[in-house]
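Subject: Structure handover

Hello,

Here is the structure you are taking over. Please open the sequence and the model side by side before reading the notes below.

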Amino acid sequence: MFLAATIGMQAMGEGIRAYADRQQMEAQGAYQHQNHMEREYHMHWRNQDAVFKGYERYRRQMKHKRHLVDQRSTQLSLLAELAALQAAFQMVMIYEQGLPSVTEYWYSDALLLCWGISCLVVTGTDLCVMIVAALGNLGGL
């Protein structure tokens with residue numbers, strides 16, 4: 001009888017151990033499931049954060065581009081105003097001076113050559129500045 005009771009106790013102990021093991025495995029499974037759900041939750045918010053940061057980066061880039069366009073537009077309008085002012089002063093100078101007749105004054109060839117070269121340099125510089133400003137506004141430079 002003692003032997004039967006001992007075997008019965010061992011079987012009961014094994015049953016209790018099996019039950020405890022089963023409970024531990026279920027607890028581990030629930031813990032792993034909870035970890036998996038937390039990982040999915042954090043991944044979802046990381047993805048949402050990345051999308052939002054991409055949107056913020058896009059908005060910053062567009063704001064920067066708008067600022068550059070406004071700045072270049074201002075530069076071109078100032079250049080146009082300066083060109084108009086220079087043209088107005090040249091017209092006033094021509095009107096006030098009047099065109100001398102050929103017989104009235106005598107100019108040396110060297111002076112006429114210097115005057116022609118200086119006019120070409122000023123006109124070429126104005127043209128280069130306008131082209132560079134236009135290409136800079138279009139993004140070419």
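A helix here is a DSSP run of at least four residues marked H or I, and helices are numbered from the N terminus. Keep in mind that this is a predicted model.

Overall make-up. The protein chain has two helices and zero strands. Helix α1 covers residues 2–97, and helix α2 covers residues 109–138. Of the 141 residues in the protein chain, 1% are buried. The chain exposes about 13000 Å², and 67% of that area comes from carbon and sulfur atoms.

Charged pair. How many salt bridges are there? The count comes to one. It joins the side chains of Lys53 and Asp49, with 3.5 Å from N to O. Side chains of opposite charge can pair when their charged atoms come close. Lys53 and Asp49 are four residues apart in helix α1, so about one helical turn separates them.

Ile131 counts as partly exposed because its relative accessibility is 44%.

Cysteines. How many disulfides does a search of the whole structure find? The search finds zero. Cys114 has 51% relative accessibility and therefore counts as exposed, since the cut-off for exposed is over 50%. Cys119, at 32% relative accessibility, counts as partly exposed.

Gln71 is found in helix α1. At 40% relative accessibility, Gln71 counts as partly exposed. How many residues apart in sequence are Gln71 and Asn137? They are 66 residues apart in sequence, while their C-alpha atoms are 9.1 Å apart in space.

Regards

Technical notes. Residues are numbered from 1 along each chain as its sequence is written. This is a predicted model: local features need pLDDT of at least 70, side-chain atom pairs count only at pLDDT 80 or more; totals for chains, interfaces and linings use all residues. Side-chain values use heavy atoms; hydrogens and water are left out. Buried means under 20% relative accessible area, exposed over 50%, partly exposed in between (1.4 Å probe, protein chains only). Accessible areas come from the Shrake-Rupley method with a 1.4 Å probe; for residues, only the protein chains shown count as cover. A salt bridge is a side-chain nitrogen of Lys or Arg within 4 Å of a carboxyl oxygen of Asp or Glu. A disulfide is a pair of cysteine sulfur atoms within 2.5 Å.
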